[in-house]
Amino acid sequence: MQTGLLIDMDGVIYRGSQLIPGADRFIQALKRERIPFMFLTNNSQRTRRDVATKLERMGIKVGEKHIFTCAIATAQYLASRKPSGTAYVIGEGGLLHALHRHGYSIVDHSPDFVVVGEGRTITLDTLERAVNMIMDGAKLIATNLDPNCPTINGTRPGCGATVAYLEAVTGIKAFGVGKPSPIMMRAARKELGLATSQTVMVGDTMDTDILGGVQMGYRTVLTLTGTTKAEDLDKYAFGPDVVIDSIADMEDPLSFLAHVLPQGNQEDDTVTSLAAWRESQLA
């Protein structure tokens with residue numbers, strides 16, 4: 001049975017600007033064995049091309065098709081909910097580009113949605129505008145709800161912190177699209193053309209990567225090179241299928257998928273053929 005991987009990046013493939021040892025060999029093996037894979041990130045700042053360029057400079061050459069961001073998931077969701085809509089955006093290039101690509105116009109008054117991503121130039125004026133738009137009826141959308149972002153210089157407030165400010169002022173809760181939301185987890189799987197039982201989520205964070213995978217019925221692999229440590233696992237009511245020290249433990253992905261990771265549960269698969277479903281009901 002075909003298996004494909006959804007792979008978090010920061011903490012799994014690299015830390016800051018440093019490649020995690022073995023990550024390049026792991027990706028080379030996926031490409032050599034033609035195992036479908038896609039990188040998932042809750043960072044909405046960069047476009048697919050930006051992310052691919054960053055990876056290439058670290059020694060990992062992949063195409064834009066291998067990148068899926070929360071900005072893309074957000075733009076896809078909004079385009080399906082209200083085609084050709086309008087948005088007031090708190091965020092940067094990756095989010096603006098994704099919204100434009102999906103038919104959205106960026107406006108500074110009377111938007112359909114206030115869309116919040118990461119941004120390093122957020123001002124009180126920006127937040128005040130957003131507050132008034134939300135109070136006037138614009139829907140509040142978060143590309144992700146991560147409260148902070150680890151950096152080489154420490155911790156930076158994340159999208160979730162900005163959203164929490166807007167929620168506190170307006171009394172209106174945001175709708176989050178990024179990991180662990182099923183919106184993003186399902187959209188990424190569909191881009192790979194995989195069924196639920198064929199999908200594996202590899203990540204370093206229990207609250208996003210692993211939680212999102214578990215909720216979707218994917219198999220999950222936790223790496224201990226990022227946010228979550230081994231001693232943290234007892235705090236959670238859920239857990240990954242497999243825990244590894246680093247992505248280097250998956251340098252032989254075919255062997256890992258066949259002998260270490262449990263088989264996917266095909267009973268969890270979404271019915272894609274109505275005719276097949278009707279036939280199964282008559283059996």
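This is a predicted model: local features need pLDDT of at least 70, side-chain atom pairs count only at pLDDT 80 or more; totals for chains, interfaces and linings use all residues.

Colleague: Why are helix 3 and helix 4 called roughly parallel?

Modeller: Helix 3 (residues 70-81) and helix 4 (residues 93-101) pack at an angle of about 30°. Angles under 35 degrees count as roughly parallel. Helix 3 and helix 4 are therefore given that label. Their axes lie 8 Å apart, and the crossing is right-handed.

Colleague: Which residues make that contact?

Modeller: Helix 3 contributes A71, I72, A75 and L78. Helix 4 contributes G94, L95, A98 and L99. Seven of these residues are nonpolar, one is polar and none is charged.

Colleague: What makes helix 3 and helix 7 roughly perpendicular?

Modeller: Helix 7 spans residues 182-192, and its angle to helix 3 is about 95°. The range for roughly perpendicular is 65 to 115 degrees. The pair therefore counts as roughly perpendicular. Here the axes are 10 Å apart.

Colleague: What builds the contact between helix 3 and helix 7?

Modeller: From helix 3 come C70, A73, Q76 and Y77; from helix 7, I183, M184, A187 and E191. By class, that gives six nonpolar, one polar and one charged.

Colleague: Now T225. Where is T225 placed?

Modeller: T225 sits in the loop between strand 14 (219-223) and strand 15 (242-244).

Colleague: How do you know whether T225 is buried or exposed?

Modeller: Its relative accessibility is 12%. Buried means under 20%. So T225 counts as buried.

Colleague: Which residues does T225 touch, leaving out those up to four places away in sequence?

Modeller: G11, V12, R15, I20, D245 and S246.

Conventions:
Residues are numbered from 1 along each chain as its sequence is written. Side-chain values use heavy atoms; hydrogens and water are left out. Axes are lines fitted to C-alpha atoms, for helices over the stretch in contact, and angles run from 0 to 180 degrees between N-to-C directions. Helices (H or I, at least four residues) and strands (E, at least two) are DSSP runs, numbered from the N terminus. Angles under 35 degrees count as roughly parallel, over 145 as roughly antiparallel, 65 to 115 as roughly perpendicular and the rest as oblique. A crossing is left-handed if the near helix is turned anticlockwise from the far one by less than a right angle, and right-handed if clockwise. Contact means heavy atoms within 4.5 Å. Ala, Val, Leu, Ile, Met, Phe, Trp, Tyr, Cys and Pro count as nonpolar, Asp, Glu, Lys and Arg as charged, and the others, Gly among them, as polar. Buried means under 20% relative accessible area, exposed over 50%, partly exposed in between (1.4 Å probe, protein chains only).
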